[in-house]
Amino acid sequence: MTSSRIHFLLTRLLRVHGAVSGLEGRGRSWSFGRLDTVRASACHWVLAVAVTMWCILGFPSPAIASADLMPPTHGYDTSAVYDGAAHSALSHTSEAAPVASDKVAESVQATVSTATGPLFVLFPLSVAADSGTVFSGHGGIMSGEGGVIETTTVPKGTCIAFYCAHGEGIPDSLGNAIETGNAPAATEVFGPGSQVPNYRLLPPDGLNIAGNPVTVGEVTPLSELLKEGMGTCQWAACRKVY
Amino acid sequence: MPVGRVQEGVLVTHFEDGSPYEYQPQEGPATNVGWLDAAHEYSKGPVSPEFVRLLSELCRAGVLHMRGWHMCNLCVPDEERRSYSDLVPTLVKAEGGDYSVGHAEIRVPGLGGVMYAAPDMVIHYVVVHGYRPPDGFIEAVLRPS
């Protein structure tokens, strides 16, 4: 079965899931609160497997396909401001990517809302089981003119999980929990093709680092840390905005 | 267990001296001291060298370490910090060796069951910016433990 065929079937499944749960087309962010309304759906099990496969194997997603139509978003993004508050505690942010035209924008958003949005309803369930690379240290990002936040695209076959909201921090103790596989559910996960704030990882000065995470000796952007096929990575650092 | 209060996308780190501690609510109750910010006035005045020495020891140890740096915006205003090369932790020079501050807190038990909560940056505020904490806090630091 070709990957495009698998993707087609996944898309169909997701549309069925959306119809069953009554969520289809209501937006691009999905919260834990809504999860309660759809927990009984048998499609969840199928979706959980699909999400794990999607992240590990890197199936082509509509978000990635759409990203091909977009201009690069590395460097300061002058057309969009990342607004963490606009997203739910658990959200998918592919729509944050700037697009070249309104027509393309409509296409991207329609695809994302029906195909990739619901994936993230269940995604945290697979994070603990798929604990990949952990990035540890101090973290944050500088805002540009007008509060514009630089973003980067999560590579194919990779996800990045965060344990606090954009702009917030985490204590060293939570970082240790992440490093040792004892963290609570992630608060936000970005999948392949998603636009994520290009946070910087700083050296872990003054911190107690556990396990064997990736640390840095100098300020390093997330875009340099994320590579294709890394599975679910975890950010054991703050998401402060300077 | 994320912490802090975000306002307009920025983590708020200013609290009036004597106000109830709420930065990490699960670590309270406590009384705020030394959460300064360039946008707010603060008390200035001399303090004794012994107070500075003891306060420095507390700040070097720190508690509740965070995985992000707070930058002193009394030194460099936030709006002027636009390069990642500006994200250099504040260094405190001390007899026992230099150390960085801006990612931890201190706790100092005072009289009457009061527990003071201050950022480890408070030593920098005292030494470099002339901050004089409330008398109760100074007495608590000087009081033999």
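Me: Two strands count as paired if DSSP finds at least two bridges between them. In what sense do strand β2 and β10 of chain A pair, and over how many bridges?

Reply: One caution before we start: this is a predicted model. Now the general idea. Strands of a sheet pair through backbone hydrogen bonds, either parallel or antiparallel. Here, β2 (residues 138-141) of chain A and β10(A) pair in the parallel sense, over 2 bridges. To find the spot, look for G140(A), which stands opposite K240(A) in β10(A).

Me: Let's move to chain B. How do β6(B) and β7(B) run, and how many bridges join them?

Reply: They run antiparallel. Strand β7 covers residues 115-119 of chain B, and 5 bridges join it to β6(B). One facing couple is I106(B) and A118(B), the latter in β7(B). The two strands form a hairpin, with 5 residues between them. Look in the turn for G112(B), which has a positive phi of about 70 degrees.

Me: Which residue other than glycine has a positive phi?

Reply: L64(B) is one, with phi near 50 degrees. You will find L64(B) in the loop between α1 and β4 of chain B.

Me: Why does L64(B) count as partly exposed?

Reply: Partly exposed lies between the buried limit, under 20%, and the exposed limit, over 50%. L64(B) has 23% relative accessibility, so it counts as partly exposed.

Me: Where is R67(B), and is it buried or exposed?

Reply: R67(B) is in the loop between α1 (49-61) and β4 (90-92) of chain B. It is buried, at a relative accessible area of 0%.

Me: What does the side chain of R67(B) contact?

Reply: Follow the side chain across to chain A. It makes a polar contact with the side chain of E179(A), at 2.7 Å. The side chain of R67(B) also reaches the backbone oxygen of A236(A), at 3.0 Å.

Me: How many aromatic pairs are there over all chains?

Reply: The count is 12. To class a pair, check the angle between the ring planes: over 60 degrees is edge-to-face. Take F15(B) and W35(B): their ring centres are 5.6 Å apart and their planes stand at 85 degrees, so this pair is edge-to-face. The pair links distant parts of the chain, 20 residues apart. F15(B) is in the loop between β2 (10-12) and β3 (31-32) of chain B, and W35(B) in the loop between β3 and α1 of chain B. Both residues are buried.

Me: How are the rings of Y42(B) and Y131(B) arranged?

Reply: Their planes are at 70 degrees and their centres 6.1 Å apart, so this pair is edge-to-face too. Y42(B) sits in the loop between β3 and α1 of chain B and Y131(B) in the loop between α2 and α3 (135-142) of chain B, so the pair ties together parts 89 residues apart in sequence. Y42(B) and Y131(B) are both buried.

Me: Which residues form one aromatic cluster in chain A?

Reply: F135(A), F162(A), F190(A), Y199(A) and W235(A).

Me: What lines the second largest pocket?

Reply: A pocket is open, whereas a probe in a cavity cannot get out. This pocket holds about 330 Å³ of space. It has 16 lining residues, and the closest to its centre are R53(B), S56(B), K93(B), A94(B) and E95(B). α1(B) gives the most to the lining, with 6 residues. By class, the lining has 8 nonpolar, 3 polar and 5 charged residues.

Me: And how much space lies in the largest cavity?

Reply: About 200 Å³. Of the 21 residues that line it, T13(B), Y23(B), W35(B), H70(B) and G102(B) are the closest to its centre. The lining of the largest cavity has 11 nonpolar, 7 polar and 3 charged residues.

Conventions
Residues are numbered from 1 along each chain as its sequence is written. Chains are lettered from A and ligands numbered from 1 in the order in which they are written. This is a predicted model: local features need pLDDT of at least 70, side-chain atom pairs count only at pLDDT 80 or more; totals for chains, interfaces and linings use all residues. Side-chain values use heavy atoms; hydrogens and water are left out. Helices (H or I, at least four residues) and strands (E, at least two) are DSSP runs, numbered from the N terminus. Buried means under 20% relative accessible area, exposed over 50%, partly exposed in between (1.4 Å probe, protein chains only). A polar contact is a pair of N or O atoms within 3.5 Å; within protein, one must be able to donate a hydrogen and the other to accept it, and residues adjacent in sequence count only if both atoms are side-chain atoms. On a 1 Å grid over the protein atoms alone, a cavity is a set of points where a 1.4 Å probe fits but cannot get out, and a pocket is an open set with protein on both sides within 12 Å along at least five of seven lines; lining residues have an atom within 4 Å of a point. Grid points are joined across faces, edges and corners, and a volume is the space filled by probe spheres set on the points. Ala, Val, Leu, Ile, Met, Phe, Trp, Tyr, Cys and Pro count as nonpolar, Asp, Glu, Lys and Arg as charged, and the others, Gly among them, as polar. Rings of Phe, Tyr and Trp (its six-membered ring) pair if their centres lie within 6.5 Å; planes under 30 degrees apart count as stacked, over 60 as edge-to-face and the rest as tilted.
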